[in-house]
Amino acid sequence: MIEFSNLKLPFVVKNMAFFGLFKKEKKETLDKGLEKSKESVLSKISHAIIGKSTVDDDVLDNLEEALITSDVGVETTLRIIERIQERVKRDKYVGTDELNRILREETAELLQENNPETQPDFDAPLPCKPYVVMVVGVNGVGKTTTIGKLAYQYKAAGKKVMLGAADTFRAAAVEQLCIWGERVGVPVVKQQQGSDPASVAFDTLQSAVKNDIDVVLIDTAGRLHNKINLMNELTKIRNVMQKVVPTAPNDVMLVLDGSTGQNAFEQAKQFTRATQVSSLAVTKLDGTAKGGVVIGISDQFKIPVRYIGLGEQMTDLQVFDREEFVKSLL
């Protein structure tokens, strides 16, 4: 338990102000990153209720169409509509002016039921040491950039971080990860292009254990989700890592490009069939109107969305807060 009795009041007030400012900046980044998605969704919802004073079947049909065309996904949309129907039935009379609030509440509650655990922030205690994250996903989704941003955030939170360059096939992949390592100031374990990715992962974990590293982030080659042999390689990497750290990897994170909308659903479907994905990071949500895809992915795959990418800055990768996300989007 922390004792505050000996702290000077100005110290407490100053630090409360700091954390309040930090939280405000994160919220502003979230709002700005989802601006295009919000404009698109709210425009469609406004069209759904035009000329209506109460939420009836026509309004719900229009709302259903609005959510589906906002990339929320058919299954998730039907679940949300069903919840709103129950709410309307229970409350007897619901005006269209209340629809936005009810939509926010029911969507947030749906996501809460699917993934009740709150995602830990970067400064939270780690469940083990080293905490090993294997990052997977197709080329072009922002996988290596996400690793760099994760390294920055973990290091800023006081953790010792190491990167493993196990994407040994793409010519610029190792170089790109090394640039991120230099930028953030964390070591990168690498081998020559064309080396066995499992060998790189093995060396990375050996070095991590030797150097008392807290967090290990393993980059893997951008997998085409329909290439079974490449998926088998992910299994090989996992098995080899476990020879060094029996619990590794502690997290298999699938990175998805949110701006691709429904294509992100398909990638998630294929990857979750082929390997044991335990968390998701959805990138490139800034500048796109397809932010609704996060709600659908979070709901349908029952795998927690852990991070969302909202811009180019190091701090623009945020821990996913479902309530704040729904508030910003709707």
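Is E105 buried, partly exposed or exposed? With a relative accessibility of 34%, E105 counts as partly exposed (buried is under 20% relative accessible area, exposed over 50%, partly exposed in between, with a 1.4 Å probe and protein chains only).

This is a predicted model, in which local features need pLDDT of at least 70 and side-chain atom pairs count only at pLDDT 80 or more, while totals for chains, interfaces and linings use all residues. Residues are numbered from 1 along each chain as its sequence is written, and side-chain values use heavy atoms, with hydrogens and water left out.

**View 1. Salt bridges of R87 with E105 and E106.** A salt bridge is a side-chain nitrogen of Lys or Arg within 4 Å of a carboxyl oxygen of Asp or Glu. Between E105 and R87 the closest N and O atoms are 2.6 Å apart. E105 belongs to helix α5 and R87 to helix α4, so this pair ties together parts 18 residues apart in sequence. R87 is buried, at 11% relative accessible area. A salt bridge also joins R87 to E106, at 2.8 Å from N to O. E106 is buried, with 7% relative accessibility. Salt bridges with shared partners join R87, E105 and E106 into one network, whose members also include R83 and E113.

**View 2. The salt bridge between D121 and K26.** Here the closest N and O atoms are 3.8 Å apart. D121 sits in the loop between α5 (99-114) and β1, and K26 in helix α1 (residues 9-33), 95 residues apart. D121 is partly exposed at 35% relative accessibility, and K26 is partly exposed at 25%.

**View 3. An open sheet of 8 strands.** The strand order is β3-β2-β4-β1-β5-β6-β7-β8, with mixed pairing (helices, H or I of at least four residues, and strands, E of at least two, are DSSP runs numbered from the N terminus; two strands pair if DSSP finds at least two bridges between them). β3 (188-189) and β8 (317-319) are the edge strands, each pairing on one side only. β6 (residues 279-283) and β7 (residues 305-309) pair in the parallel sense over 3 bridges. A281 stands opposite Y307 in β7.

**View 4. S70 and its contacts.** S70 is in the loop between α3 (57-68) and α4 (74-91). At 1% relative accessibility, S70 is buried. Leaving out residues up to four places away in sequence, S70 touches V41, K44, G292 and V293 (contact means heavy atoms within 4.5 Å).
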